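Please look through the sequence and the structure shown here before reading the report. It is written for a reader who is new to describing proteins.

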Amino acid sequence: MDSDASSFDPAGSSASFVNYVEGIYVGYKFYETAAEEGLINYDDVVQYPFGYSLSYTSFKQEMGPISESNGTIAFEVTVTNTGSVAISFQLEDLASYDMSGKGRYLLEAGDYVISVNRDSHTVLDSETYTVSSAVDYSSGRSSDQTAAVNQFDFAEGDVTYLSRAGGFANYAAATAAPASYEMSAEDKAGFYNKNNYLTAEATAADEDPNAQPVTTGAKNGLQLKDLRSLAYDAPKWDQLLDQMTLDDMNALISLGGYQTNSVSSIGKVRTNDNDGPASINNNFTGVGSVGFPAGVLIAATWSKDLALSFGESIGKMADEMNTSGWYAPAMNIHRTAFAGRNFEHFAEDGLLSGAIAANAVAGAKNHGVYSYMKHFALNDQEGNRNSMLCTWSNEQAIREIYLKPFEMCVKDAGCEAAMSSFNHIGNRWAGGCAQLLNNVLRDEWGFDGFVVSDWGAPTSILRASGPVPTWKCPPPEGTPTWNWSRR
């Protein structure tokens, strides 16, 4: 990026960036495809294929009688499949996102080889399923509330993305160092940071000229408990919100660290939210629950049942600690082996990450605990994470890889909360990206929960240097403020 662009940060620190040049070819998806295309010799490059040593089922092994012949002892072992694993999935799950055509999910016509594997590389058996004619999901898939369309064209940037065409013919060009470290003039014009985030020019595009005046302080006689179990779009919710004053609204939103604030006008009590992802930790009292193994170890079992039990254990301990919200699970993708918080995240695969995370969310929800799925989204590194980090990626990779586990948590587990990430998606801060938080999360997936920013403030746009901001809620007496800001 252009460090001389003073409008980005007059304190002297410039924006940073990361290019997801690999596109959809993340982890094993690259190695398996590269081997198929002849780009690599698989055995020379991969020692342990993705899913190595796993089995789809369980076995009973029975030893037969021992025999001896010419000094050689022998016996037979009868192996019986004792498992009851049934494998099925929806046809629409085979669809890919067509970002360069109409901008929709598309199941192309052709032969699809479906296999049972020992791992991502070793096929045990396979069958071919033929799609005779293309299936266009322009009207949406069965799980969508509204049809998916291109939302992230702005995040593609000036990047050469790896393509399988011609046996990865553009491999050298795609993996070369960036030719320029300066953001384009067009992207600069729409790049919001601490200097221009709330200016009239920056916010004009987000304003609704037809918006109606907001009613505040109404005397409708409702209490929050009166609306328990009502549908999200029930009229009484608007009546309840009309009772809140601007001060109520401000306090509820701004005092949102490690809690949801009380609102006396509607009878809302304060709730505690605490950190995860491997335990429940109260950063103010220093009290923590039992800690579980890192997420990557849980995912390595490929066990939905274990993930559900993990979530239920978290929920039970949260109840015992008077905690209502869990800042977890973390499900960003292991894009590389060197990402700063891989230990919090599950895997390099979106489907596996989603299956484990969704069951953890469901388990906690069984105890009335809401989970903040995080960090939403495309947050794979710690370096420069709150220095206006611009993440450039294409629509297909964003949807099929990085958003997949979050989508599953919403659709499969009814996740009720989310924590956004520090980084920008393209040139738009993730915590203020309408395409991510409204168009995809709410409109497409049907999410009706709430989203909080990571840490005490959206630091990636509000500051690039200087002291760490702190929460506006009282820490334990004598606690230095720099020790109770969220890390």
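## The chain as a whole

The model described here is a predicted one. When contacts in the chain with a separation of 6 or more are considered, 69% of them are accounted for by residues 24 or more positions apart.

## Aromatic pairs

A pair of aromatic rings is described by two values, the distance of the centres and the angle of the planes. The structure holds 21 aromatic pairs. One of them is formed by Tyr258 and Phe284, whose rings are 5.1 Å apart from centre to centre with 90 degrees between the planes, an edge-to-face arrangement. Tyr258 belongs to the loop between helix H8 (246–254) and strand S11 (259–260), while Phe284 belongs to the loop between strand S12 (271–275) and helix H9 (295–300), so this pair ties together parts that are 26 residues apart in sequence. Tyr258 counts as buried because its relative accessibility is 4%, which is under 20%, and Phe284 is also buried, with a relative accessible area of 18%.

A further pair is formed by Phe292 and Phe310, and because their ring centres are 5.2 Å apart and their planes stand at 75 degrees, this pair is edge-to-face. Phe292 lies in the loop between S12 and H9, whereas Phe310 lies in helix H10 (residues 304–320), so the pair ties together parts that are 18 residues apart in sequence. Phe292, at 27% relative accessibility, counts as partly exposed, whereas Phe310 is buried with a relative accessible area of 7%.

## An aromatic cluster and charges over rings

Tyr258 and Phe284 also belong to one aromatic cluster, which they form together with Tyr327, Tyr370, Tyr372 and Phe450.

The buried residues are Glu395, Gln396, Ala397, Ile398, Arg399, Ile401 and Tyr402. Among the elements that cover them are helix H1 (28–37), strand S6 (96–98), strand S7 (104–107), helix H11 (350–365), H13 and H14.

The axes of helix H12 (residues 395–402) and helix H13 (residues 404–413) come within 5 Å and cross at roughly 50 degrees, which makes H12 oblique to H13. In this contact, Arg399, Glu400, Ile401 and Tyr402 of H12 meet Lys404, Pro405 and Phe406 of H13. The residues of the contact divide into four nonpolar, no polar and three charged.

## Asn439 in helix H14

Asn439 is found in helix H14 (residues 434–444), and at 24% relative accessibility this residue counts as partly exposed. If its neighbours within four places in sequence are left aside, Asn439 is in contact with Gln151, Ala434 and Glu444. Asn439 and Gln151 are 288 residues apart in sequence, and their C-alpha atoms are 7.7 Å apart in space.

How values were computed: Residues numbered from 1 in each chain as written. Predicted model: local features only at pLDDT ≥ 70, side-chain atom pairs only at ≥ 80, totals over all residues. Heavy atoms only, no water. Phe/Tyr/Trp six-rings, centres within 6.5 Å; stacked < 30°, edge-to-face > 60°. Helix = DSSP H or I, 4+ residues; strand = E, 2+ residues; numbered from the N terminus. Buried < 20%, exposed > 50% of the residue type's maximum accessible area, 1.4 Å probe, protein only. Axes fitted to C-alpha atoms, helices over the stretch in contact; angles between N-to-C directions. Parallel < 35°, antiparallel > 145°, perpendicular 65-115°, else oblique. Contact = heavy atoms within 4.5 Å. Nonpolar A, V, L, I, M, F, W, Y, C, P; charged D, E, K, R; others polar.
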